[in-house]
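Here is a brief report for a first look at this chain. It starts with the whole and then moves to a few local spots.

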Amino acid sequence: MVKSRRKEEIRAEQYLMKYLYSKDAIFQYYRQFIEPTLIPDLYGKTVKVTEKVFPKIYHLTKKISAVFGISQPDVYVYESFYYGADTCGLSKPWIEISAKTISDFNEDELAFLIAKQISHIFLEHHITKIHSEQLIKAINATESIPGIGLLNTFGLIDMTSKTIELIYLNWHREMTHTEDIYGLLFCGNLKTACNTIIKLVINDKELAKQIIVSDYLKQSNYLSSLKGIVAFYTVFDESVPYGPIRIRELIKFLSITDNKKTFSLLHKEFIK
């Protein structure tokens, strides 16, 4: 599969890359010190998905990975009150998904979530994410270094850190929209994609059934009309776009004729 990203994400990434540095040093530190700390909890607090353990998730992951043309990532199930799925790790990224998600989401909804995470690996979003987050942490940590911390008397460290963070969060929101589109392509149905996003927002499968998508979408209009520095900062301080905006972007994607053709061809490839 050819790597394809929304032009908004490409622009956001190009701008972000102007502020990211020390990639090799940061990745070496992450591999040697951060990633090893994740492994004990990974094996001690989760259950690994196999052909015999959660086989539905295993075969769904295998099928989606094959279409993307990448090696099937390991998937681990963890206990949580919340719905969710995420990608972790740098050297050999893996997917973590909550037990509640597997229990309450149907197969098409799980296809949306898993395709979203596999696209995260396929498009190498995990690399940019780790680079950005670790750089921001490193800048913030310099405050405790004697001498260098004095720079923050004038807010220089905080200003640098917050600037990079806001630019990173903007990219992360655009990245999420791109991954949502891949999720839509694999689940094959806009209604399913919308239901999946709504479930993630409301965190209850029964309450999610009571939500009228057309009414829920009206909230995106209200969000677009917000003015003022406080509202502006609140919106731009989010790493994941608000639910109504995520659904609006999927509808926007399907409204373009060429995208409809891509949608049809790729979904046929998936369901073979």
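The chain exposes about 14,700 Å², and carbon and sulfur atoms supply 58% of that area. The model is predicted. Its secondary structure comes to 13 helices and 4 strands. Of the 272 residues, 45% count as buried. Take the contacts between residues at least 6 apart in sequence: 72% of them join residues at least 24 apart.

**Helix H1**

H1 spans residues 7-17. Its buried residues are Glu8, Glu9, Ala12, Glu13 and Leu16. They lie on the same side of H1, because they cover an arc of only 130° around the axis. The face turned away from this buried side carries Lys7 and Gln14, both exposed.

Ser22 sits in the loop between H1 and helix H2, which covers 23-45. Ser22 and Leu135 are 113 residues apart in sequence, yet their C-alpha atoms are 8.0 Å apart in space.

**A nonpolar patch**

Ile229, Val230, Phe232 and Phe236 make a nonpolar surface patch of about 420 Å². Phe232 belongs to helix H11, residues 229-236.

Notes
Residues are numbered from 1 along each chain as its sequence is written. This is a predicted model: local features need pLDDT of at least 70, side-chain atom pairs count only at pLDDT 80 or more; totals for chains, interfaces and linings use all residues. Side-chain values use heavy atoms; hydrogens and water are left out. Patches are made of residues with over 30% relative accessible area and no salt bridge: like charges are joined within 9 Å, nonpolar side chains (Val, Leu, Ile, Met, Phe, Trp, Tyr) within 5 Å. Accessible areas come from the Shrake-Rupley method with a 1.4 Å probe; for residues, only the protein chains shown count as cover. A salt bridge is a side-chain nitrogen of Lys or Arg within 4 Å of a carboxyl oxygen of Asp or Glu. Helices (H or I, at least four residues) and strands (E, at least two) are DSSP runs, numbered from the N terminus. Buried means under 20% relative accessible area, exposed over 50%, partly exposed in between (1.4 Å probe, protein chains only). The arc is that of the directions from the helix axis to the C-beta atoms. Contact means heavy atoms within 4.5 Å.
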